[in-house]
Amino acid sequence: MSVILGRLCEGFIINCQIFGLTLVFSIPLGLLVCFGSMSRFKPLSWLVKTFVWIIRGTPLMLQLLVIFLGPGLLGWGTPWPAGNSGRLMAAVVAFVINYACYFSEIFRGGIESVPRGQYEAGQVLGMTKPQIFFKVTLLQLVKRIVPPMGNEIITLVKDTSLARIISNKEIIMTANEYAAKGLIWPLFSTAIFFLVFVGVLTLLFGWFERKLDYFR
Amino acid sequence: MAILEVRNIEKHFGNTQVLSDISFSLEEGQALSIIGSSGSGKTTLLRCLNFLERPDHGSIAVKGGVIFDASDPSTQSEKDIRQKRLHFGLVFQNFNLFPQYTALQNVTLARELLARERGGENRDAIVKAGRELLAQMGLADRAYHYPHQLSGGQQQRVAIARALALQPDILCFDEPTSALDPELTGEVLRVIRSLAEQKTTMIIVTHEMAFARDVADQVIFMDGGVIVEQGDPREVIDHPREERTRQFLARYTEN
């Protein structure tokens, strides 16, 4: 049993890696996508919005396959290194693109929800645009997006197990191998890993929301 | 010499003309009230002075220097506009205080940012000045309150202190009491009245006729984007010459 739990832990480390790397890269990329879709230069905003529609409109599982196998099938040669590291890299790229699109919409909603008067108050007080963004609107925006971001990040925890479709040996895939041999309990026990992880995140988000509770 | 000279300002939004041929001047230390019904262009005029809107025609001069001329692009560079805005302070109808800062921080923030940029004043001096302004507004004991912990009247007084902190040449009020419960308008009007007594140069867009008559040295009545009548408040409000002014004022006295 301890051997099996050890294997499950190894699998879960893959989930954690995908989770961490996706968060680190998709948040800044999401901000860029957000600025793109809000751009006053129409062709750019149109292009970015179409891209977001495609990414949000197709299954993440399909995107994983396209990103991992697509270049090879099109005869461009696969850009991914051989072996596990290549599979992990492809998975992270697919997750980053997918989550950046979802995050970008949350950021856009946050930016648009800060009342226009806040920008104008900054302007008439002689602030520069960056000063207005960083000193006035950013914190108000962060406060507004914490709950939807929390939702999305919790979804990401569980979505990481989709990486098994391109043979990343994450926790569900590991447990499934036991199930195929007739041993069922490891598969059900994976729930505990996710529950604990999400539980910690929930506490973290709750703490952060309380931190920002001092203003309205 | 007039501290403010506004000449032939026009403003369109699409095909709608919101301001046409607005000209007036204001002497240092005087208070100007702008009255008129909603949609008459009063607020747009204030927003033009503060560069929140850009006039399509006309010019604005402060202390004899032209700071905006619609026919001269060199007066319209983005970079300079920031500096030029500082001639004016603006108090908004709905306060627009920064919710994540205390009353005192709201007052000091912009001045600290400017001082950091230009050198000069240290932080302690700015905070001290901020406290004095809050005290002047009767809010000495509210320095560490956040906006949501203050009443509307208190928030508007913080907003006035915030605008004063940058020592503008001309302080503009955009219907400063319209968003307040009736019982809270008094405290805000009292503060503005005391600023007028200290000879603060002010432009006040307001629906408070009695207040406009008592406090202002000059009144402008606007309707449909034009100045219908301007002059001494007792003349304009008590003995209007124009029919449109009479009709507007009649609606106020009926209520």
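Leaving aside its neighbours within four places in sequence, with which residues is B:Ala161 in contact? The structure is a predicted model, in which local features need pLDDT of at least 70, side-chain atom pairs count only at pLDDT 80 or more, and totals for chains, interfaces and linings use all residues. Residues are numbered from 1 along each chain as its sequence is written, while chains are lettered from A and ligands numbered from 1 in the order in which they are written.

With those neighbours left aside, B:Ala161 is in contact with B:Val107, B:Leu133, B:Leu134 and B:Met137, a contact being two residues whose C-beta atoms, placed from the backbone, lie within 7 Å. B:Ala161, B:Cys172 and B:Ile203 have the most contacts inside the largest nonpolar core, which has 73 residues. A nonpolar core is a set of buried Ala, Val, Leu, Ile, Met, Phe, Trp, Tyr and Cys residues joined through C-beta atoms within 7 Å. A residue is buried if 20 or more other C-beta atoms lie within 10 Å of its own, exposed if 12 or fewer, and partly exposed in between. The most residues in this core, 7, come from helix 5 (residues 152–165) of chain B. Another core, of 28 residues, lies apart from it and includes A:Ile18, A:Val33, A:Val96 and A:Ile153.

Chain B has 9 helices and 10 strands; helices (H or I, at least four residues) and strands (E, at least two) are DSSP runs, numbered from the N terminus. Of the 255 residues in chain B, 44% are buried. The C-alpha trace of chain B spans about 55 × 45 × 35 Å along its principal axes.

In chain B, an open sheet of 4 strands has the order 2-1-4-5, with antiparallel pairing; two strands pair if DSSP finds at least two bridges between them. Strand 2 (16–27) and strand 5 (65–69) are its edge strands, each pairing on one side only. Strand 1 (residues 2–13) and strand 4 (residues 57–62) of chain B run antiparallel and are joined by 5 bridges. B:His57 in strand 4 of chain B is the bridge partner of B:Glu10.

Chain A has 8 helices and 0 strands. Buried residues account for 28% of the 216 residues in chain A. The C-alpha atoms of chain A fill a box of roughly 70 × 45 × 25 Å, taken along the principal axes. Of the contacts in chain A between residues at least 6 apart in sequence, 71% join residues at least 24 apart.
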